[in-house]
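Here are some friendly notes to read alongside the model. They begin with overall figures and then move to individual sites.

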Amino acid sequence: MGITVRSIQRYIEILRNSGLPILLGDVRGTYELSKEFSLDYLSDEEYAVILLFRDLSEKMGSPMKDAAQRLLNKVLDGRSGPVFLGIPGPEGIDDPETFKRLLKAILEEKVVSFTYKVYSPYTVEVKPYKMTFFDSFWYLLGEEVTTGEWKSYALDKIEGVKIGRKRFQMPRDVDRVVAESFNPWIRVQKRLRVMVETDPEISHYFLRKRLFPTQEIVEEKDDGSLIVEFRVGAIEEVEFFLKQWIPYIKVVEPVEFGRRLIEEYKAWIKRQGNKYDE
């Protein structure tokens with residue numbers, strides 16, 4: 001799941017539309033409740049939305065969690081919510097100042113530069129588009145200035161953020177691109193087609209819900225199996241999702257992807273040795 005600044009703003013707008021008098025705070029980017037606020041006029045459903053937002057904010061990590069909690073603590077008195085969100089949350093942001101500087105650059109649409117600490121640290125200049133949240137980690141989604149490629153940068157590997165003077169125009173399709181993404185492997189173009197065949201015993205999961213943003217059911221076979229298609233920009237986008245369904249799926253195409261998975265699992269079996277032999 002991706003939690004972005006725009007997502008949080010959308011949740012706040014939902015609360016506003018449900019009747020909660022949320023006002024802009026004196027400091028930019030903050031919100032506060034009207035002093036005349038009372039819960040008496042909210043319906044059970046509207047109150048449940050507030051509790052749901054409270055539980056969701058606990059998954060965000062600081063400083064987003066802290067800001068949301070300050071707002072909601074004025075409304076709730078330790079009440080337990082009726083809904084549980086099984087979403088893993090971060091342990092917290094090690095460097096909240098870096099997070100805040102990136103948010104500031106996004107809102108002001110200014111290019112940033114920073115050192116990215118991977119195997120061989122390097123300095124990069126980026127047009128920052130979104131802060132995203134996948135699998136318990138925060139990422140910066142942006143366009144690398146030198147290559148024009150959209151990339152995700154893990155927040156805990158970013159240091160020395162500098163906000164430049166150069167401005168950029170936020171692409172109109174940012175929200176669509178993020179909404180179609182399942183993990184940090186975000187690509188603008190979804191030109192690669194991956195097709196799998198499911199075993200009948202797991203087909204109902206894919207029929208009941210779209211488990212992947214670009215999932216489409218191509219064929220329902222008489223034996224209960226399915227042919228399912230995924231449109232992605234890179235194999236990595238769908239690879240880890242599909243691996244969790246092995247051995248109940250078969251890769252139809254690309255053939256090279258199916259062969260690589262077989263080789264990976266052969267190597268994995270070999271690493272186990274004979275310790276499980278009876």
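Throughout, a residue counts as buried under 20% relative accessible area, as exposed over 50%, and as partly exposed in between. Please keep in mind that this is a predicted model.

1. Pro96 sits in helix H4. Its relative accessibility is 29%, so Pro96 falls in the partly exposed class. Along the chain, Pro96 and Leu155 are 59 residues apart, while their C-alpha atoms are 10.0 Å apart in space.

2. **The chain as a whole.** The protein chain has 278 residues, of which 40% are buried. Its secondary structure consists of eight helices and 11 strands. Taking contacts between residues at least 6 apart in sequence, 60% of them link residues at least 24 apart. The accessible surface is about 16,700 Å², and carbon and sulfur atoms contribute 49% of that.

3. The loop between H4 (96-108) and strand E3 (110-116) holds Glu109. Although Glu109 is not a glycine, its phi is positive, at about 55 degrees.

4. Tyr153 belongs to strand E6 (residues 150-154). Is Tyr153 buried or exposed? At 1% relative accessibility, Tyr153 is buried, because the cut-off for that class is under 20%. Leaving out residues up to four places away in sequence, Tyr153 touches Phe114, Tyr116, Tyr122, Val124, Val126, Trp138, Tyr139, Leu140, Glu144 and Ile158. Lys117 is 36 residues from Tyr153 in sequence, with a C-alpha to C-alpha separation of 9.8 Å.

5. **Pro184.** This residue is in the loop between helix H5 (174-179) and strand E8. Its relative accessibility is 18%, so Pro184 counts as buried. Which residues does Pro184 touch, not counting those up to four places away in sequence? They are Phe134, Tyr139 and Ser152. For Phe134, the C-alpha separation from Pro184 is 6.6 Å, across 50 residues of chain. Tyr139 is also among the residues touched by Tyr153.

6. **Val238 in helix H7.** Val238 lies in H7, which covers residues 235-243. Its relative accessible area is 0%, so Val238 is buried. Setting aside neighbours within four places in sequence, Val238 contacts Val194, Phe212, Phe230 and Val232. Phe182 is 56 residues away from Val238 along the chain, and their C-alpha atoms are separated by 7.8 Å.

7. **The rest of H7, and its cover.** Val238 is one of the buried residues of H7, together with Ile235, Glu237, Glu239, Phe241 and Leu242. An α-helix has 3.6 residues a turn, so residues three or four places apart point the same way.

8. **How H7 packs on H8.** Two packed helices are described by the angle between their axes and the distance between the axes. For H7 and helix H8 (residues 255-272), the angle is about 50 degrees and the axes are 13 Å apart. That angle makes H7 oblique to H8. The crossing of H7 past H8 is right-handed. On the H7 side, the contact involves Ile235, Glu239, Leu242 and Lys243, which meet Phe257, Arg260, Leu261, Glu264 and Tyr265 in H8. By class, this contact has five nonpolar and four charged residues, with no polar ones.

9. The bond from Ile246 to Pro247 is cis, with omega near 15 degrees. The bond from Glu253 to Pro254 is cis too, with omega near 0 degrees. If you set up a calculation from this model, these are the two omega values to have at hand.

Key. Residues numbered from 1 in each chain as written. Predicted model: local features only at pLDDT ≥ 70, side-chain atom pairs only at ≥ 80, totals over all residues. Heavy atoms only, no water. Helix = DSSP H or I, 4+ residues; strand = E, 2+ residues; numbered from the N terminus. Buried < 20%, exposed > 50% of the residue type's maximum accessible area, 1.4 Å probe, protein only. Contact = heavy atoms within 4.5 Å. Areas by Shrake-Rupley, 256 points an atom, 1.4 Å probe, with all protein chains shown as cover. Axes fitted to C-alpha atoms, helices over the stretch in contact; angles between N-to-C directions. Parallel < 35°, antiparallel > 145°, perpendicular 65-115°, else oblique. Left-handed = near helix turned anticlockwise from the far one by under 90°. Nonpolar A, V, L, I, M, F, W, Y, C, P; charged D, E, K, R; others polar.
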